[in-house]
Amino acid sequence: MRVRYTDVTTTQKLPYRCKRCGHTTTAIATGQTRMHGHDLSSDAVEQGARSHLRRLTNLARCPKCHRRAPGALLEAIVKSALVGALAGGAPYFVFWLRDNHVRGFLRTLCVGAAIGVFVAILFSQLMAAKNGVEFEGASVRGPRAGDPPPR
Ligand SMILES: [Zn+2]
């Protein structure tokens, strides 16, 4: 069976309410959503993109207090860690099945793959939130000199 995917870039306006300071505005979120090739009606794309863009918006910093929604960062970390663990754990398991133990070099390789994938995915999510989400009324994009340093 062959499954084809298409990455669709969508932009949606979503109501935004900061869970930390209560600031309300409209978020204009742009992100790529992976769709199955046979389900590309505009309704399906919009539905599929909505939850993704909502998550992206949660991960973006509030234009007023410059903080992320509570739990959003943790969710991104947990998801990235799961994918990372799979990326490192799967080859580890295969090596282990073959030799009943995993030698130091291969173990380092697996741990390295896990950490590398974890960092890459987390970073790409944070960048997608930073670059893909704009807020109505926020005139300046990106960090300014007076912004508090990212935590
Ligand atoms: Zn806020």
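Predicted model: local features only at pLDDT ≥ 70, side-chain atom pairs only at ≥ 80, totals over all residues.
Residues are numbered from 1 along each chain as its sequence is written.

**View 1. The chain has three helices and three strands.** Helices (H or I, at least four residues) and strands (E, at least two) are DSSP runs, numbered from the N terminus. Along the sequence they follow the pattern β-β-α-α-α-β. The chain has 151 residues, of which 19% count as buried. A residue is buried if 20 or more other C-beta atoms lie within 10 Å of its own, exposed if 12 or fewer, and partly exposed in between, with C-beta atoms placed from the backbone. Two residues are in contact if their C-beta atoms, placed in that way, lie within 7 Å. Of the contacts with a separation of 6 or more, 68% are between residues 24 or more positions apart.

**View 2. Three strands form an open antiparallel sheet in the order 1-2-3.** Strands pair if DSSP finds at least two bridges between them. Strand 1 (5-17) and strand 3 are the edge strands, each pairing on one side only. Neighbouring strands are turned by 20° against each other on average, direction ignored. Strand 1 and strand 2 run antiparallel and are joined by 13 bridges. Leu14 stands opposite Ala27 in strand 2, and Pro15 has Thr26 of strand 2 as its bridge partner. In the hairpin of these two strands, six residues lie between the strands, and Gly22 takes a positive phi near 85°. Strand 1 is hardly covered, with one buried residue among its 13.

**View 3. Helix 1 and helix 3 lie against the sheet.** Helix 1 touches strand 1, strand 2 and strand 3, and its direction makes about 125° with that of strand 2. Helix 3 lies across strand 2 and strand 3, running at about 130° to strand 2. These angles run from 0 to 180 degrees between N-to-C directions, and the axes are lines fitted to C-alpha atoms, for helices over the stretch in contact.

**View 4. Helix 1 bends by about 30° at Arg50.** The bend at a residue is the angle between axes fitted to the seven residues ending there and the seven starting there. Helix 1 has 18 residues, which at 1.5 Å a residue should span 26 Å, and this agrees with the 25 Å between its end C-alpha atoms. The expected span is 1.5 Å times one less than the number of residues. Buried in helix 1 are Ala49, Leu53, Arg55, Leu56, Thr57, Asn58 and Leu59. The buried residues of helix 1 pack against strand 1, strand 2, helix 2, helix 3 and strand 3.

**View 5. The largest nonpolar core has 13 residues.** A nonpolar core is a set of buried Ala, Val, Leu, Ile, Met, Phe, Trp, Tyr and Cys residues joined through C-beta atoms within 7 Å. The members that touch the most other members are Ala27, Ala29, Leu56, Leu59, Ala60, Ala129 and Val133. Two or more residues each come from strand 2 (24-36), helix 1 (42-59), helix 3 (104-132) and strand 3 (133-135). Helix 1 gives the largest share, four residues. Leaving aside residues up to four places away in sequence, Ala60 touches Ala129, Lys130 and Val133.

**View 6. Helix 2 bends by about 25° at Gly89.** The 28 residues of helix 2 should span 40 Å at 1.5 Å a residue, and its end C-alpha atoms are 40 Å apart, which agrees. Ala76, Ser80, Gly84 and Gly88 are the buried residues of helix 2. Helix 1 and helix 3 are among the elements that cover them. An α-helix has 3.6 residues a turn, so residues three or four places apart point the same way. Just after helix 2, Asn100 takes a positive phi of about 70°.

View 7. Cys62 counts as buried because 21 other C-beta atoms lie within 10 Å. His66 counts as partly exposed because it has 16 C-beta neighbours inside 10 Å. Phi of His66 is near 60°, a positive value in a residue other than glycine. Cys62 touches Cys18, Arg20, Cys21, His23 and Arg67, not counting residues up to four places away in sequence. Cys62 and Cys18 are 44 residues apart along the chain, and their C-alpha atoms are separated by 6.3 Å.
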